[in-house]
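Morning, everyone. Let's look at the pockets and the ligand. Here is the model.

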Amino acid sequence: MAEKEGEKQVEEGKMPLLTPYKMGKFELSHRVVLAPLTRQRSYGNVPQPHAILYYSQRTTKGGLLITEATGVSDTAQGYPETPGIWTKEQVEAWKPIVDAVHAKGGIFFCQIWHVGRVSNTGFQPNGQAPISSSDKELFPQLRSNGIDVAKFTPPRKLTTEEIPLVVNDFRVAARNAIEAGFDGVEIHGAHGYLIEQFMKDQVNDRTDQYGGSLQNRCRFALEIVEAVVNEIGPDRVGIRLSPFAEYMEAADSNPEALGLYMAESLNQYKIVYCHMVEPRMKKSVGETVESPHSLVPMRKAFNGTFISAGGFDMEDGNTAVAENRTDLVAYGRLFLANPDLPKRFQLRAPLNKPNRETFYSLDPVIGYTDYPFLETKV
Ligand SMILES: Cc1cc2nc3c(=O)[nH]c(=O)nc-3n(C[C@H](O)[C@H](O)[C@H](O)COP(=O)(O)O)c2cc1C
């Protein structure tokens, strides 16, 4: 009897994660978002045909998908075989992937990034030093698969005059994303990459108008938002932020103030969403820790759609939506391992376990498109 009642609720779409939501002009049929996931299968920084299957497997009608982090320029890369969107070839290569997602009714945003100092000369044009807000060197870091270790070369601090050029790279990348057919872009302002290297005071040691005060440290991020909004319109722009995270030696001495200042400042640009990483993901993308902090103040301060990510399962995703702590929940590892995640939630079906050994393996199939669907498993 109790089971019947549960089924009825699902049928009526009462599971909070599976209720519809209007995100700006986009009609979402549910709130389970594919989080951005670097997969390192874009050989030579060009998206490959196997990504058509990967993304379309994870597409539902009215579902929101965010791509893996995608480089805005030839200085933006820091990991092997990650895609870009600064050349014509890359734009053309994205098109069939976007088309496949649209053919199944998905809404697809491209996450655009610049890694800044999370790079080494091997990834840089002419073997030059990576660029950053600072010339502080980054020590070798364990990757989120818990296996690989990334090594870095000391960065070169951008001059004040060079900063608008990098802002412009984000603008052009956003234009290219629209040209490729994407519904919008997510500016990657999280996880210790270039934008955070400006925002956070553990890294930023500048003395110009891009350093020092909180306002100055957020200037670069907000200039990018403004440039991208002016280029493609606010209804196509989201941003990802992780004020509480301490990845890549990028921590802030006052993450609440940083998160709140950004949430409030973003309102003036009327961007469609703000995507924040939960404080419990402070240490690494693969590890959840207890945290006294919450994203609720930022959620309340931001006027647009709020997306939360980091350590969610079905249960607490439903609770977060039911308690109005977020509008949408982005799932990373669970969606990586369960291409039909919304359906599994709907049926309360068991989930495949993500295999971190193949997160970043370069194989076009294994650990990428071979996670079983519900039908084929039972
Ligand atoms: C393999 C892997 C790749 C990731 N790549 C990205 C990325 O490209 N951009 C990004 O913003 N976050 C990236 N993340 C972080 C995820 O988007 C997500 O925030 C994180 O996995 C925590 O959510 P989860 O607990 O649902 O997995 C990655 C995480 C994993 C495990």
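First, the term pocket. On a 1 Å grid over the protein atoms alone, a pocket is an open set of points with protein on both sides within 12 Å along at least five of seven lines, and lining residues have an atom within 4 Å of a point. A molecule sits in a pocket if more than half of its atoms lie within 2 Å of the pocket's grid points.

Now the ground rules. This is a predicted model: local features need pLDDT of at least 70, side-chain atom pairs count only at pLDDT 80 or more, and totals for chains, interfaces and linings use all residues. Residues are numbered from 1 along each chain as its sequence is written, and side-chain values use heavy atoms, with hydrogens and water left out.

So where is the ligand? The ligand takes the space of the largest pocket. That pocket holds about 1100 Å³, a volume being the space filled by probe spheres set on the points, with points joined across faces, edges and corners.

Its lining counts 43 residues, and Ser144, His191, Val285, Gly286 and Tyr360 lie nearest the centre. By class, the lining splits into 22 nonpolar, 12 polar and 9 charged. Here Ala, Val, Leu, Ile, Met, Phe, Trp, Tyr, Cys and Pro are nonpolar, Asp, Glu, Lys and Arg are charged, and the others, Gly among them, are polar.

Which element gives the largest share of the lining? Helix H10, with 3 residues. Strands S6 (107-113), S8 (141-142) and S15 (328-331) each supply at least two, as does H10 (333-337). Helices (H or I, at least four residues) and strands (E, at least two) are DSSP runs, numbered from the N terminus.

Next, the ligand itself. Around it are 18 residues, with Pro36, Thr38, Arg240, Gly311 and Arg333 coming nearest; near means a heavy atom within 4 Å. The shell has 9 nonpolar, 7 polar and 2 charged residues.

Now polar contacts (N or O pairs within 3.5 Å). The side chain of Thr38 puts an N or O atom 2.6 Å from a ligand oxygen. For Gly311, a backbone N or O atom is 2.7 Å from a ligand oxygen. A polar side-chain atom of Arg333 is 2.6 Å from one. Alone, the ligand exposes 600 Å², and the protein buries 96% of that, by Shrake-Rupley with a 1.4 Å probe.

Conventions: A polar contact is a pair of N or O atoms within 3.5 Å; within protein, one must be able to donate a hydrogen and the other to accept it, and residues adjacent in sequence count only if both atoms are side-chain atoms. On a 1 Å grid over the protein atoms alone, a cavity is a set of points where a 1.4 Å probe fits but cannot get out, and a pocket is an open set with protein on both sides within 12 Å along at least five of seven lines; lining residues have an atom within 4 Å of a point.
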